[in-house]
Amino acid sequence: MITKPPNVSTLRHDLPASFVVFLVAIPLSLGIAVASGAPIAAGLIAAIVGGIVAGLLGGSPLQVSGPAAGLTVIVADLIQTYGWRATCVITALGGLLQLALGACRVARTALAVSPAVVHGMLAGVGVVLVLAQLHILLGGSPQHSALSNLLELPGQIMTSHSHATIIGLMAMAVLLLWTKVPKHRHGYAAALRWVPGPLPAIALATLTAWLLGWDVPRVDLPDTLLADWRLPTLPRGPLPEVVGAVVSIAVVAAVESLLCSVAIDRKRPQGVPRADLDRELLGQGAANTVSGLLGGLPVAGVVVRSTANVEAGARTRRSTVLHGVWVLVLALSCGPVIEQVPLAALAALLVALGARMVDTAHVRELRNHREAPAYFATMIGVVLLGLGEGVLLGIGVAAVLALRRLTRLGVRVEEDATCPGTRWHVIVEGTLTFLGVPKVTSVLQQIPPGSRVDLDLNVDFMDHAAFDAIHAWRIAHERLGGRVDIDEVHETWYERAVTGDMSPPRKSSPQARWWAPWGNRRRRSDPPELDAPDVSPSALLLAGVREYHGRTARLVRPIMAELAFEQKPEHLFITCVDSRVVPNIITASGPGDLFINRNVGNMIPRYGSRTPDDSVAATVEYATNVLDIRTITVCGHSNCGAMAALLAGGTEVDHLPSLSRWLKHGNHSLARYLAAEPDADQSPLARLCQINVMQQLDNLLTYPWLRNRVDAGKLELVGLYLDLESAEVRILDRGAENFVPVPDEAPDDDAKALT
């Protein structure tokens, strides 16, 4: 079979994607330059340099860089303080600092900043942007502070408005209506969904102002892109303040770029390499240095453009570079057209952009993690005090919240319902230090003397003061005829404390293991009748539920509370109903990770099958279209009863009509097995079990809509095989059509290995 060269096959994806990003970048670049108080050409220069320089040198292939709205407040303040030419020098110096940080390979250190602070900073910038640009949209002029803009906004709304206000409101209406355009696969919407909303908004506003001959403020460009370029001048001011300005540009741009890179890396299609954050920081530094020297705005990775790039189907960095080339061509050849754009239309675009920066989805997520106070503190600080002060305030609040978590301690006492008044269960959770001693001892003193106490120390640290208090209470309680049992899973803490070793103990394998079958993990406290040979299955089940309530429920309760109203699984996992296959064990996953479909023989009926069955297809549709799952795994296993029945010709299940009909979906697997070369190293049943996984993956591809997603790189198919005897999971190498061991470390080209 003749295959296309890789560069040709990816170019057919990258070329149209570059045009989509180009259409997004042009209005945003112009609007951000206006909002920053910089020359209009500076926004185009930053877009060109961000696309070409950062695109070629950066470590995130699909990230698109350019002027970022998150930097508008900093740039506007620098221009007012030092002037535009000195701001360009600060931008270039910030780029050199980023180069130094990238060379030191400290990119991941920047990610240590709390996401609550980063999103709060962007939300604060968004509020400042909205308050300032609303005045321009209404035909007025913004003030120098967000608070002043807010106080004067009612008066601005009540005053008479000019043609500029009509233009701005028209652009705003188009932006709002464009989000309501249905995105079906056929008809006009199929073409409209690739057109970014800012383009028709700006185009309609520009065309209306031109046709009606309205005299409204418009974009002012120089005759050539670098016509107004002058030799940059050094900023005049106290050295600490200048250094602080350079650091703020470098750090804020770096953090925004790296967070964008991480976010886009999660959306990367199959076959696209992972982002190299240190290289990305070097690329951003080079782009900022060049942009500053050429008279452009600071450059950073932009989520809006990068997301548009991924959704448009980009595969390599050529899409990013080509978008910069298209901006350059437009700036050199279409200056008169750009000069017709009304500033009020750009203000409307910036109002919409600023409103999107206040993302309520982030607020809900942070509230679930109890980090919302840091978010709101940062946002309010940025609006009222300024960006630097707001970020410092947010970091302070985040630090207080972290310190509170580190010292948080929970103590609960539960009376044993089977032995009321004589047996108690005490659970201590969190970090047990001298600060928590009063709380623990006050609870322990309430336990009646002479009673039996089960003490669970679910702590990550216990200092000497805490141990001394618990140990003294234990001795006193047992002296009065009571008994204290430390839970065997956490007893190591207490034993090490007795010897004076207060360091965290190494994890050991406790006798009672949650993953073992019921019969293999009886606890010392379990009723002896559960070990009787004639115990009913329901009694075992209820005993397991009680063990879950006593040991596990309190540990998973915070996670389940987050998942209670929304599930966000990463994978659709299709496997057999066999009781020996436990997906969460073999994938080390937890609640909310896997969306699981189990059926006899882990089979997927083919599209248009003679024996119709929509149960699996319904699961796949819901997983991919509603939950937006991007990976489907089919997992088979050895000694599968369904495959054994297929090998026997189905005679073993003739008396089971429903099962007989279902097993017909395995006929293609059986035919493929019979056509394959025999393998002397495998039993016939093991070989059929493995071939069945390969065939079920092919059955998935018989669904046209699913195959389109796979071909577009939006969906990944994975095959796994569990050997029950060795408890080893193997992964399918589809090129060689065999199963290979899972590597100990994930290589960069894992996606290629899986497919």
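Entry 1. Seven of the eight residues of β10 are buried, where buried means under 20% relative accessible area, exposed over 50% and partly exposed in between, with a 1.4 Å probe and protein chains only. I note that this is a predicted model, in which local features need pLDDT of at least 70, side-chain atom pairs count only at pLDDT 80 or more, and totals for chains, interfaces and linings use all residues. Residues are numbered from 1 along each chain as its sequence is written, and side-chain values use heavy atoms, without hydrogens and water.

Entry 2. I examined the partners of β10, taking strands as paired if DSSP finds at least two bridges between them. Strand β9 (residues 631-637) runs parallel to β10 and is joined to it by seven bridges; β11 pairs with β10 in the antiparallel sense over four bridges. Leucine 720 in β10 stands opposite cysteine 635, and also opposite isoleucine 731 in β11.

Entry 3. I turned to the hairpin of β10 and β11, which has four residues between the strands. Alanine 727 in the turn has a positive phi of about 60° and is exposed, at a relative accessible area of 59%. I found its C-alpha atom 9.9 Å from that of valine 581, which lies 146 residues away along the chain.
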